[in-house]
Amino acid sequence: MSLPGPLYERLAQRAIRTHRTVEAELVEAVASVVEEPDELPADLAEAVDALHLLGDEELWRAARHGIAPEKASTIEELHLKRQREGLSVSEIEALATLMKEHTRIMLVRSRAAALLKQRGHDVSGLCDEDEP
């Protein structure tokens, strides 16, 4: 699983302070959002609400699904450009759209992994897998 650099750095710093792994910090952060689906925007709540109805095979697919590599690359390029020189209005909108998609994917992945774990599966290898 890969995260945008600044987000990963914040999680890594939190992990150091709490003497936990980055994975544990990420799971806790996502769990705190998922536990209160009413507080999620409607589209994100809808993305995770029915996951518990899926079979294990579908949950494994959801837990392994990642943002397309070209989109991840565009996100990184836009973040770097924003730091260097700023973004145009259209670039800001493009970044917002990509980040919304990335957030949705990460939320679904995390919730699917949590459900698999609740069902007794070992999901520790998910963090070691490369995104498709």
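Glu 101 is partly exposed, with a relative accessible area of 28%, where partly exposed covers the range between buried (under 20% relative accessible area) and exposed (over 50%), computed with a 1.4 Å probe on protein chains only. The model is predicted, so that local features need pLDDT of at least 70 and side-chain atom pairs count only at pLDDT 80 or more, whereas totals for chains, interfaces and linings use all residues. Residues are numbered from 1 along each chain as its sequence is written, and side-chain values use heavy atoms, with hydrogens and water left out.

The side chain of Glu 101 meets that of Lys 71 in a salt bridge with an N to O distance of 3.0 Å, a salt bridge being a side-chain nitrogen of Lys or Arg within 4 Å of a carboxyl oxygen of Asp or Glu. Because Glu 101 lies in helix H6 and Lys 71 in helix H5 (residues 69-84), the pair ties together parts that are 30 residues apart in sequence; helices here are DSSP runs (H or I, at least four residues), numbered from the N terminus. Lys 71, at 30% relative accessibility, likewise counts as partly exposed.

The axes of H5 and H6 come within 10 Å and cross at roughly 135 degrees, the axes being lines fitted to C-alpha atoms over the stretch in contact and the angles running from 0 to 180 degrees between N-to-C directions. The two helices H5 and H6 are therefore oblique to each other, given that angles under 35 degrees count as roughly parallel, over 145 as roughly antiparallel, 65 to 115 as roughly perpendicular and the rest as oblique.

Not counting residues up to four places away in sequence, His 102 touches Ser 2, Pro 4, Ile 67 and Ile 75.

Helix H6 (residues 89-118) also packs with helix H3 (residues 42-49), at an angle of about 30 degrees and with the axes 9 Å apart, which makes H3 roughly parallel to H6. H3 passes H6 in a right-handed crossing. In this contact, Asp 43, Leu 44, Ala 47 and Val 48 of H3 meet Lys 100, Thr 103, Arg 104, Leu 107, Val 108 and Arg 111 of H6, giving 5 nonpolar, 1 polar and 4 charged residues.

The count of salt bridges comes to 6. Among them, Glu 57 pairs with Arg 61, the closest N and O atoms being 3.1 Å apart; being 4 residues apart in helix H4 (residues 56-64), these two residues are separated by about one helical turn. Glu 57 counts as exposed at 57% relative accessibility, while Arg 61 is partly exposed at 49%. Another salt bridge joins Glu 85 and Arg 84, with the closest N and O atoms 3.9 Å apart, and both Glu 85 and Arg 84 are exposed.

How values were computed:
Left-handed = near helix turned anticlockwise from the far one by under 90°. Contact = heavy atoms within 4.5 Å. Nonpolar A, V, L, I, M, F, W, Y, C, P; charged D, E, K, R; others polar.
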